Amino acid sequence: MTAHSTEKAVDNAVDGVDAVDVVVVGGGIGGLANALALTQKGLRVRVLERAAEFGEVGAGLQIAPNCTRILDHWGLLDEVRSLGVLPENIVMKDAVDGSELTRLDLKDVEARYGAPYLVIHRSDLHGVLLRACRRAGVDLVTDVAVTGYEQEDGRATAIHAGGRETAPVVIAADGIHSVARPLLSDDEPVSSSYVAYRGAVPATQVEALGVSMRDVVVYVGPKCHFVQYPLRSGEMFNQVAVFESPKARAGEEDWGTPDELDHAFADTCEEVRAGLPLMWRDRWWRMFDREPIPTWVTGRIALSGDSAHAPLQYLAQGAVMAIEDAYVLSEHVAAQLAAGMGADGLDWDAALAAYGAVRPEHCRRVLTTARAWGELWHHVGDERLWRNEVMRSRDVHDYSFVDWLYGPTALTPDEEPTMFAPA
Ligand SMILES: Cc1cc2nc3c(=O)[nH]c(=O)nc-3n(C[C@H](O)[C@H](O)[C@H](O)COP(=O)(O)OP(=O)(O)OC[C@H]3O[C@@H](n4cnc5c(N)ncnc54)[C@H](O)[C@@H]3O)c2cc1C
C-alpha cells in the first residue's frame, strides 16, 4: 500500500481476507459519523480521506435536536455542548427594515424534542467525531483519493492510485462531487446562482455593533439573507451572508465576487450592513445542491451524507442529515447483529435495504423544502410584504413546521412523520 496513513494502514486485499468489515470513503462529518457508529456496534471500519489531514474548512454549524439526540446516543453530547453555544432563540427579521418577523424559543424546543438546538464551530464538531473515532479504534487513513469502485460476490472495492480496498461494504461519504454517485445517477450538482460568504471573528470585534450574543438571528431580504450567531461559548461570532449573483444568472464564469456581495446588501438595514465588513472576502462558497434520488444503494456500495443528498443550506440540515444517515444504517446493522450471526454472518443486504427504504424519502423532503424555504426568504416587492405578513401571523408556539424535522429520526418508513400543511 503506497498511501500514507496517519494512524495504521493494512492492505485490505493482499491476501483476499477482509481486514475490515466496512470501508468509508471520505472523512468529513458524514464519513466519520458512519465510522464511529458502525465501530460502536462492533464492526472494524477503515476511513479513506483524500486530504493530507482530517479537518473541516468553514465556520459555524447549526445542529438541531434530530442531530443532538443522536450525538447523545453516541455519548458525545456533553463534549459538543461544552464546545458549542445553546442559543435562546432563532429570530427571523426583515433584512430591509430590520423588524422582527417571527421566532423559535429554543428552550421550548429542547423541552419539546428532548434534545437541544446547538451552534458549534464546524471544526469543533468534526474534532469531536475524529477523537471519538480514534478512541473507538477506527483505522483512519489520509492521502487516499478514491477514483473508482468495483464489486462482485458480496464484496465491494474502492480503487485508488495506491491500490484497492475491499470489504463487505463500502460507504461513499465523499461529498457533493461524489465519485460513487454516478453508479446510481447521471445527475450533476445544481447551481442555485446563490453564493455564501462566511466570517467567524473574535467576539470583541462585534462588541460595538449591538449584536445578539444569545440568539441565532436570520435577516431575510430581497435575493439575499444574513445569519449571525455566537460560537465557542460566546468567544467568537459567526456570520453568513448569502445572495443571488447577477453574474451567475448571466452565465458568467467569474461569479460571486466581493463587488457582488457589496451590491447585493446595499439596500439592507444598518444592522446587516454593519456586519458585512467582518466577512472573509478572499473566499466564497457557490451554492449547489443535488436533485433528490430515490436509490442510494447499489449492491454493497451505499451513498451517505452530501454524496446522497447535498442540500441548499436554508434548513441547516446538511450535516444533520449526514449524521442521521450514519445512525440509521448503524441501527439496522445492530438489528442484524442482534439476530445472532456476528459480523461475519451479518446480512448486509437486509441492513442496506432497510437504510435505503427510509432515508431517501426523508432527505427528498428536506431537499425540496430547503429550496422552497430559500425562495420564501428571498422574496422581492409585494411577495416580500406577503411573506412578512405570513411570518408575523405565525403563533410563535406553533411547531408544526419543524415537528417533522426535529422529532426522532425514523428508522422505518412508517415512523416518518407527516409533513406540515403549507401556508
Ligand atoms: C454555507 C453553508 C452553511 C451550512 N450550514 C449548515 C448548518 O448550519 N447545519 C447543517 O447541518 N449543515 C449545514 N451545511 C451543510 C453541511 O456543511 C454539509 O451538508 C456537510 O458538511 C456534508 O458532510 P459530508 O461529510 O457528507 O460531506 P463533506 O463535508 O463534503 O465531506 C466529504 C469528505 O470526503 C473527502 N473526499 C471527497 N472525495 C473523495 C475521494 N474521491 N476520495 C477520498 N476522500 C474524498 C473530502 O475531502 C471530505 O473530507 C452548510 C453548508 C454550507 C455550504
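## Strands 14 and 15

Let's start with a pair of strands: strand 14 (residues 224-231) and strand 15 (residues 236-244) run antiparallel, joined by eight bridges. Strands here are DSSP runs of E with at least two residues, helices are runs of H or I with at least four, and both are numbered from the N terminus. Two strands count as paired if DSSP finds at least two bridges between them. Within this pair, His 225 has Val 242 of strand 15 as its bridge partner.

Before going on, bear in mind that this is a predicted model: local features need pLDDT of at least 70, side-chain atom pairs count only at pLDDT 80 or more, and totals for chains, interfaces and linings use all residues. Residue numbers run from 1 along each chain as its sequence is written.

## The sheet around them

Which order do the seven strands of the open sheet take? The order is 5-4-13-14-15-12-16, with mixed pairing. Strand 5 (100-105) and strand 16 (285-289) sit at the edges with a single partner strand each, so one side of each has no neighbour in the sheet. From one strand to the next, the twist averages 20°. Angles like this run from 0 to 180 degrees between N-to-C directions, with axes fitted as lines to C-alpha atoms, for helices over the stretch in contact.

Two helices pack on the sheet. Helix 4 (residues 106-113) touches strand 4 (89-94) and strand 5, and its direction makes about 40° with that of strand 5. Helix 12 (residues 381-393) touches strand 4 and strand 5 too, at about 35° to the direction of strand 5. Contact means that the C-beta atoms of two residues, placed from the backbone, lie within 7 Å.

## Two domains

The domain assignment, which is automatic or from a database, gives domain 1 (22-86 + 119-188 + 291-415) and domain 2 (190-289). Their centres, taken over C-alpha atoms, are 26 Å apart. Where they meet, 18 residues of domain 1 are in contact with 22 residues of domain 2. On the domain 1 side, strand 3, strand 6 (118-121) and helix 11 (348-377) are the elements that give two or more residues.

## Around the ligand

UniProt, in an unreviewed entry, places the feature "domain: FAD-binding" at residues 20-340; its positions use the numbering here, feature names are shortened, and annotations may be inferred rather than shown by experiment.

Why does the ligand lie between the two domains? Domain 1 and domain 2 both give residues to the shell around the ligand, so it lies between them. Of the 32 residues in that shell, Gly 26, Gly 28, Gly 175, Gly 305 and Gly 318 come nearest; a residue is near if its C-beta atom, placed from the backbone, lies within 6 Å. Helix 1 (29-40), strand 3 (60-63) and helix 10 (318-341) are the elements that give two or more residues, and helix 10 gives the most, with four.
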